[in-house]
Amino acid sequence: MYTTELLDARAVSPESCPALVLNADYTPLSYYPLSLWSWQTAIKAAFLDRVSVVAEYDRVVHSPRFAMRLPSVIALRDYVKPSSHPAFTRFNLFLRDRFSCQYCGGRHDLTFDHVVPRAYGGRTTWANVTTACAPCNLRKGGRTPAEAHMALRSAPRQPTAHELQVNGRAFPPHHLHETWRDYLYWDTELEA
């Protein structure tokens, strides 16, 4: 039985063993995208004493003179203050709008739209750009929503970092290692 367990642990590729990165207060640095480091980065940070290893995989890596279980959860030793104003990126825009078109609610073929078209002096800012599916963006064209007779589901605005984190929790990654769950969902309501 020991031999079988050892073989199964060796069969798991180290590349399939990322480490969940927590801040010094044991909250994830980011929910979506989930803050993950490769196994090599996690081990290097542990050796440099930049992180504490909180949980480990069963997978062991070794050199001729050293063996170590791969970290599955690590916590930074120094607290990293989250930015209060998230960067204006396509990904953060989609996350703010919960990956849905702000005209029809669709979730496929997403792009972004200038509410006030650039031809009318509209700028590329949080307050003027919204998520739109390609068909709605094409239908709206270079017009305002009123001119195109298309209502916005929500007015574009700059989100807070906290809002993006909350939105990110609604889109869990495809793979969650069991050692990560206690750190990702610690503030959810407990079942009776």
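This note sets out, in numbered points, how the chain is folded and which residues lie inside it.

1. Basis of the note. The structure is a predicted model, in which local features need pLDDT of at least 70 and side-chain atom pairs count only at pLDDT 80 or more, while totals for chains, interfaces and linings use all residues. Residues are numbered from 1 along each chain as its sequence is written, and side-chain values use heavy atoms, with hydrogens and water left out.

2. Overall fold. The chain contains seven helices and six strands. Here helices (H or I, at least four residues) and strands (E, at least two) are DSSP runs, numbered from the N terminus. Along the sequence their pattern is α-β-β-α-β-β-α-β-β-α-α-α-α. Of the contacts between residues at least 6 apart in sequence, 61% join residues at least 24 apart; a contact means heavy atoms within 4.5 Å.

3. Surface and interior. Of the 192 residues in the chain, 39% are buried. Buried means under 20% relative accessible area, exposed over 50%, and partly exposed in between (1.4 Å probe, protein chains only). The accessible surface is about 11900 Å², and carbon and sulfur atoms account for 56% of it. These areas come from the Shrake-Rupley method with a 1.4 Å probe, and for residues only the protein chains shown count as cover.

4. The sheet. Four strands form an open sheet in the order β2-β1-β4-β3, with mixed pairing. Its edge strands are β2 and β3, each of which pairs on one side only. Two strands pair if DSSP finds at least two bridges between them. Strands of a sheet pair through backbone hydrogen bonds, either parallel or antiparallel.

5. Strand β4 and its partners. The pairing of β1 with β4 is parallel and runs over three bridges; in one of them, Val 21 has Ile 74 of β4 as its partner. The pairing of β3 with β4 is antiparallel and runs over eight bridges. Within β4, Arg 69 stands opposite Val 60, and Met 68 is the bridge partner of Val 61. A hairpin through four residues joins β3 to β4. Strand β4 is mostly covered, with eight of its 10 residues buried.

6. The largest nonpolar core. In soluble globular proteins, nonpolar side chains tend to be buried together. A nonpolar core is a set of buried Ala, Val, Leu, Ile, Met, Phe, Trp, Tyr and Cys residues joined through side-chain atoms within 4.5 Å. The largest such core has 25 residues, and Leu 20, Leu 70, Trp 180 and Leu 184 have the most contacts inside it. At least two residues each come from β1 (19-22), α2 (39-47), β3 (51-62) and β4 (67-76). The largest share, six residues, is supplied by β4.

7. Leu 184 and the second core. Which residues are in contact with Leu 184, leaving aside its neighbours within four places in sequence? They are Leu 20, Pro 28, Tyr 31, Leu 34 and Leu 176. A second, separate core has eight residues, among them Cys 101, Val 115, Ala 148 and Met 150.

8. Helix α2. The buried residues in α2 include Trp 39, Ala 42, Ile 43, Ala 45 and Ala 46. They lie on the same side of α2 because they cover an arc of only 160° around the axis, the arc being that of the directions from the helix axis to the C-beta atoms. On the other side of α2, Lys 44 and Phe 47 are exposed. The cover over the buried residues includes β1, β2 (36-37), β3 and β4.

9. Two residues with positive phi. Most residues other than glycine have a negative phi. Asp 49, in the loop between α2 and β3, has a positive phi near 60°. Asp 49 is partly exposed, at a relative accessible area of 47%. His 149, in the loop between α5 (145-148) and α6 (161-169), also has a positive phi, of about 55°. His 149 counts as exposed, at 71% relative accessibility.

10. Aromatic rings. Rings of Phe, Tyr and Trp (its six-membered ring) pair if their centres lie within 6.5 Å. By this rule there are four aromatic pairs. Ring pairs link Phe 91, Phe 94 and Phe 99 into a cluster.

Conventions: Phe/Tyr/Trp six-rings, centres within 6.5 Å; stacked < 30°, edge-to-face > 60°.
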